[in-house]
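Biologist: I would like to learn how to read this kind of structure. Can you show it to me and take my questions one by one?

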Amino acid sequence: MRIAAATQGSKSAVLCLPISLVLVAFLAHIGRLSGRSLQVGDEGVAVRDKKGNQIGSIHWIELSLVPETYDVAELRVKRRDNRLQKAILVPMQRDEAVINRWSGSARFWEKHREIIRHMFAPITQALVEEAQIGSGQLVLDVATGPGEPTLTLAELVGPQGKISGVDPIPEMVAAARREASRLELRNVQFDIAFADHLPFPADTFDAVVSRFGVMFFPSPLDAVREMLRVLKPGQKLAFAVWHSAERNPFHYSLSRVVDRFVHSPPLEQDALDTFRFAARGKLLEILIQAGVTAPAERLLQFTIHAPMLVDAFWALRLEMSKAREQISVLSPEQLTELKRQALESISEFSTDRGISFPAEVLIISGAKPR
Ligand SMILES: C[S@@+](CC[C@H](N)C(=O)[O-])C[C@H]1O[C@@H](n2cnc3c(N)ncnc32)[C@H](O)[C@@H]1O
């Protein structure tokens, strides 16, 4: 969506935005962004104060609230204390956008860590098999979030082995470290790092894995090359990515309902999105380009089992996903109706043991040439 030049006079629009601030956009005649257009897509824009400090971000805007295309010259940001503050919009870099998105999610992923570990355990198992992880090995988990699959694999590699988890979000790494220390694990280490700049020497690890991370890497090719660098020759890396949305009611039982209420701009090609690598062969091609040997892709069909009631599952899914931000533009009445419809949709997968979804994930792997 575009916010572009208003040269024909001031306009204003109230934008309810998915941040703790409520933004009131005052579109003055000419301002710092006059004549330039801003794309508010998946990467969003940063909202900065006049000194350049970031005070918020915009990822989605409810299209119907925004009259046509115009220039944003100046924003006034209404804070929680009701004070107005001047602000400007600056397009975000891809890495910056990722940091914004995931630092906001960290506390929810930490809160739901146990159920997430349980629901995705079959994927962890598939990664273990594909990367041939065993006792005594040195293993790297990239994009570990609040610590999975690192924490699960710690037991598998045992006291003679060691597992390192990396994630660029300090809040995620802090959450992972908290759990490792609660569990008194001595063979894990968590570091803050992007996938394409790993803080390890070449030829260090016996295996490298990443569960639901690679779709968010700005350059997956650079990341795979970097992971190959730190892998020992002949050893394997393995990734888990979601297969198509239509095959995964875990996602669509909520997203289809949210789409009825919130307009989301169509994703740009290759956007950093959950289903970026849903097409078969797409990530595999990147591994081949990076120079792996024995490239392989397999479809993992399994069941996501969440032993909980529908209501609790709705809260979990909302907090884990971008729907949390998307629905912040809705009125209380719309929210009530959305929740009613979402509960109905999730109930289709309710069993006497909790919620059960058929699920499909692609497991992509390859080895470092000897
Ligand atoms: C969906 S979460 C997956 C967390 C965990 N691996 C799991 O399966 O529960 C995606 C993670 O990717 C991380 N991430 C995003 N961009 C990254 C990058 N460029 N390099 C490494 N990790 C990244 C995020 O911080 C987030 O923790």
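Biologist: Which residues in helix 7 meet helix 11?

Modeller: Ser253, Leu254, Arg256, Val257, Val258 and Phe261 of helix 7 do. Their partners in helix 11 are Gln334, Leu338, Gln341, Ala342, Ser345 and Ile346. Two residues are in contact if their C-beta atoms, placed from the backbone, lie within 7 Å. Helices (H or I, at least four residues) and strands (E, at least two) are DSSP runs, numbered from the N terminus.

Biologist: What classes of residue make up the contact of helix 7 with helix 11?

Modeller: It has seven nonpolar, four polar and one charged residues. Ala, Val, Leu, Ile, Met, Phe, Trp, Tyr, Cys and Pro count as nonpolar; Asp, Glu, Lys and Arg count as charged; the others, Gly among them, are polar.

Biologist: How is this model to be trusted and numbered?

Modeller: It is a predicted model: local features need pLDDT of at least 70, side-chain atom pairs count only at pLDDT 80 or more, and totals for chains, interfaces and linings use all residues. Residues are numbered from 1 along each chain as its sequence is written. The mean pLDDT (the predictor's confidence in each residue, from 0 to 100) is 82. Of the residues, 74% reach 70 or more. Over residues 1-43 the pLDDT is below 50. It also stays under 50 over residues 60-73.

Biologist: At what angle do helix 7 and helix 11 pack?

Modeller: Helix 7 (residues 249-261) and helix 11 (residues 332-347) pack at about 150 degrees, with axes 9 Å apart. Axes are lines fitted to C-alpha atoms, for helices over the stretch in contact, and angles run from 0 to 180 degrees between N-to-C directions. Angles under 35 degrees count as roughly parallel, over 145 as roughly antiparallel, 65 to 115 as roughly perpendicular and the rest as oblique. Therefore helix 7 is roughly antiparallel to helix 11.

Biologist: Which hand does the crossing of helix 7 and helix 11 have?

Modeller: That crossing is right-handed. A crossing is left-handed if the near helix is turned anticlockwise from the far one by less than a right angle, and right-handed if clockwise.

Biologist: How do helix 9 and helix 11 cross?

Modeller: The axes of helix 9 (residues 310-320) and helix 11 come within 10 Å and cross at roughly 110 degrees. So helix 9 is roughly perpendicular to helix 11. Val310, Asp311, Phe313 and Trp314 of helix 9 make the contact with Lys339, Ala342, Leu343, Ile346 and Ser347 of helix 11.

Biologist: Why is helix 6 called oblique to helix 8?

Modeller: Helix 6 (residues 220-230) and helix 8 (residues 282-290) pack at about 55 degrees, their axes 9 Å apart. That angle makes helix 6 oblique to helix 8. Their crossing is right-handed.

Biologist: What makes Glu148 and Pro149 worth a look?

Modeller: The peptide bond from Glu148 to Pro149 is cis, with omega near 5 degrees. Most peptide bonds are trans. Pro149 is in the loop between strand 9 (138-142) and helix 4 (150-157).

Biologist: What is phi of Glu184?

Modeller: Phi of Glu184 is near 55 degrees, a positive value in a residue other than glycine. Glu184 is in the loop between helix 5 (170-182) and strand 11 (188-192).

Biologist: How many residues surround the ligand?

Modeller: There are 20, and the closest are Trp102, Ala143, Gly145, Ala195 and Arg211. A residue is near a molecule or strand if its C-beta atom, placed from the backbone, lies within 6 Å of it. By class, the shell has 14 nonpolar, three polar and three charged residues.
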